[in-house]
Amino acid sequence: MQHARLARQPHRPDPGQPLLGPIRLARARVHEAHGPARHLFAVLLARAMTGSVFWIMPGWEAARLHGPGLAGLGLDPGRITFVQADHARDLLWTIEEVLRSGAVPLVVGELPGPPGLTPMRRMHLAAEAGSGKGTPPLGLVLTPEGGSAGAESRWHMAPDHGQGRTAWALTRERARSEVPKSWKIRRDGEGFALAP
């Protein structure tokens, strides 16, 4: 007689982190967002999640996120821990270590350019290791031009404002398990929604 063995793996795969509507991002992985509205993409993701956020940025750049501006977008700036790195290599190391710790559900890293395949692979492994310590962390790297090798998914976000409307164009350029697709995002009261 054959006996069935119970596995410790979940019977249903993780459906991913919801962003807006049907848009989801895989947890325990690192994604990339680029384009002029890439920071808004990160804010939308942080809004959709609960818990703290680590936002790692270059210490040599003068641009900073504006707390009241974040609050105006519906994100409590008190949830965010800002970390400034003095060197480019420190940015990648910090992202990796925070993902590995599993201490926060979302790690955002602003990079001056796309990381290579080896640093991206190290970040994926760190995110997988961090998922064994609680909620699987999600990593998001923000790059000016895009093109990170090995990212789980690549997103482009840009303003698409018109006469009397405030909107953004969001494009999933690449994903391991999804086809490329575009959406329009608009303000919806105090939040955001996909345009019909």
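Trainee: At 6% relative accessibility, does Glu-96 count as buried or exposed?

Mentor: Start with the cut-offs. Buried means under 20% relative accessible area, exposed means over 50%, and partly exposed is in between (1.4 Å probe, protein chains only). Glu-96 has 6% relative accessibility, so it counts as buried. One caution before we go on. This is a predicted model, numbered from 1 along each chain as its sequence is written, in which local features need pLDDT of at least 70 and side-chain atom pairs pLDDT 80 or more, while totals for chains, interfaces and linings use all residues. Side-chain values use heavy atoms, with hydrogens and water left out.

Trainee: In which helix does Glu-96 lie?

Mentor: Helices (H or I, at least four residues) and strands (E, at least two) are DSSP runs, numbered from the N terminus. Glu-96 belongs to helix 3, which covers residues 88-101.

Trainee: Which residues does Glu-96 touch?

Mentor: Contact means heavy atoms within 4.5 Å. Leave out residues up to four places away in sequence, and Glu-96 touches Arg-122 and Ala-126. Look at Arg-122 again. The side chains of Glu-96 and Arg-122 are joined by a polar contact of 2.9 Å. Such a contact is a pair of N or O atoms within 3.5 Å; within protein, one must be able to donate a hydrogen and the other to accept it, and residues adjacent in sequence count only if both atoms are side-chain atoms.

Trainee: Arg-89 is found in helix 3 too. Is Arg-89 buried or exposed?

Mentor: Arg-89 has a relative accessible area of 59%, so it is exposed. Now compare sequence with space. Arg-89 and Ala-71 are 18 residues apart in sequence, yet their C-alpha atoms are 31 Å apart.

Trainee: How many residues lie between Thr-118 and Gly-150 in sequence terms, and what is their distance in space?

Mentor: Thr-118 and Gly-150 are 32 residues apart in sequence and 8.6 Å apart in space, C-alpha to C-alpha. Thr-118 sits in helix 4, residues 117-131. At 57% relative accessibility, Thr-118 counts as exposed.

Trainee: How many residues of helix 1 are buried?

Mentor: Helix 1 is mostly covered, with 8 of its 11 residues buried. They are Arg-38, Leu-40, Phe-41, Ala-42, Val-43, Leu-44, Leu-45 and Ala-46. Take Ala-42 as a case. Its relative accessibility is 0%, so Ala-42 counts as buried.

Trainee: Which residues is Ala-42 in contact with?

Mentor: Set aside its neighbours within four places in sequence. Ala-42 then contacts Trp-55, Leu-106, Val-108, Leu-140 and Leu-142. Ala-42 and Glu-178 are 136 residues apart in sequence and 20 Å apart from C-alpha to C-alpha.

Trainee: Next, a strand. Is Arg-154 buried or exposed?

Mentor: Arg-154 lies in strand 8. Its relative accessible area is 15%, so Arg-154 is buried. Beyond its neighbours within four places in sequence, Arg-154 contacts Glu-32, His-34, Gly-147, Ser-148, Thr-171, Arg-172, Glu-173 and Arg-174.

Trainee: What is the phi of Ala-28?

Mentor: Ala-28 has a positive phi of about 60°, although it is not a glycine. Find Ala-28 in the loop between strand 2 and strand 3 (30-34). Ala-28 counts as buried because its relative accessibility is 11%.

Trainee: Which residues lie nearest the centre of the largest pocket?

Mentor: On a 1 Å grid over the protein atoms alone, a pocket is an open set of points where a 1.4 Å probe fits, with protein on both sides within 12 Å along at least five of seven lines; lining residues have an atom within 4 Å of a point. Here 18 residues line the largest pocket, and Arg-24, Leu-25, Ala-26, Ser-177 and Glu-178 lie nearest its centre. Strand 2 (24-25), strand 8 (153-159) and strand 9 (167-175) each supply at least two residues of this lining.

Trainee: And the second largest pocket: which residues are closest to its centre?

Mentor: The second largest pocket is lined by 14 residues, and the closest to its centre are Arg-38, His-39, Pro-58, Glu-61 and Glu-110. Helix 1 (38-48), strand 4 (53-58) and strand 7 (138-143) each give at least two residues to the lining of the second largest pocket. Recall that Arg-38 is among the buried residues of helix 1.
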